[in-house]
Amino acid sequence: MMGISIFNSCNNRKVESPPISKTESNEIMMAKYIPANQNLYDTIDSLDKFLWEAYNKGNDSIIVSYVTEDFKLFHDEIGTVFSKKKFAPLVSNYFKKIKNLNFKGETVDGTNEVYEIPNYGAIQFSYQRFRDNENPEWTAPARMITVWKKTSEGWRQSQQFSFHE
């Protein structure tokens, strides 16, 4: 079955729209993600890996340095945080709490998608998972949506949404 040609309003380019089909179990099947801007994808993917490395080492100062002053966090377990000033102690206290658990997190391979937001930055969709000494098996993946802003200091997270589906 051929896709139809559509005008993609996200980046004002013509794309082939893949057909959407359903499996026997009625799950929606989508086409494999291919970055429209490979350089942007590589940049955000690299930053994502860098921040997970900082997370896994408990380096709260690096994590906090990569958010904007007006950062907004929406989290299904801890609720909302609406500034870098409020986010910093939250991260610091969190790392103190899990220090002895050898807590690890990562973006699930193959789930990272990055889309350009003209005159602002990018939006990243991915799934994340975690494990620790007490629970060595990876958790069920949780959805992560991050809005990245390109600033004079470089790329910074301006909003983050984290939730289990």
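Visitor: How many residues does helix α1 have, and what span is expected for it?
Guide: Happy to start here, with the note that this is a predicted model. Helix α1 covers residues 38-56, which is 19 residues. From its first C-alpha to its last it reaches 27 Å, close to the expected span at 1.5 Å a residue, 27 Å.

Visitor: Which residue caps the N-terminal end of α1?
Guide: Look at the backbone nitrogen of N39. A side-chain oxygen lies 3.2 Å from that nitrogen, and it belongs to the capping residue, N37.

Visitor: Is N119 buried or exposed?
Guide: N119 sits in the loop between β8 (113-117) and β9 (121-131). Its phi is near 60 degrees, a positive value in a residue other than glycine. Exposed means over 50% relative accessible area. N119 has 86%, so it counts as exposed.

Visitor: And N102, is it exposed or partly exposed?
Guide: N102 lies in the loop between α3 (84-98) and β7 (104-107). Phi is positive in this non-glycine residue too, near 55 degrees for N102. The relative accessibility of N102 is 41%, so N102 is partly exposed.

Visitor: Back in the helix, which tryptophan is among the buried residues of α1?
Guide: Buried means under 20% relative accessible area. The α1 residues that count as buried include L47, D48 and L51, along with the tryptophan you asked for, W52.

Note on methods: Residues numbered from 1 in each chain as written. Predicted model: local features only at pLDDT ≥ 70, side-chain atom pairs only at ≥ 80, totals over all residues. Heavy atoms only, no water. Helix = DSSP H or I, 4+ residues; strand = E, 2+ residues; numbered from the N terminus. Buried < 20%, exposed > 50% of the residue type's maximum accessible area, 1.4 Å probe, protein only. Expected span 1.5 Å × (residues − 1). Polar contact = N/O pair within 3.5 Å; in protein donor to acceptor, adjacent residues only side chain to side chain.
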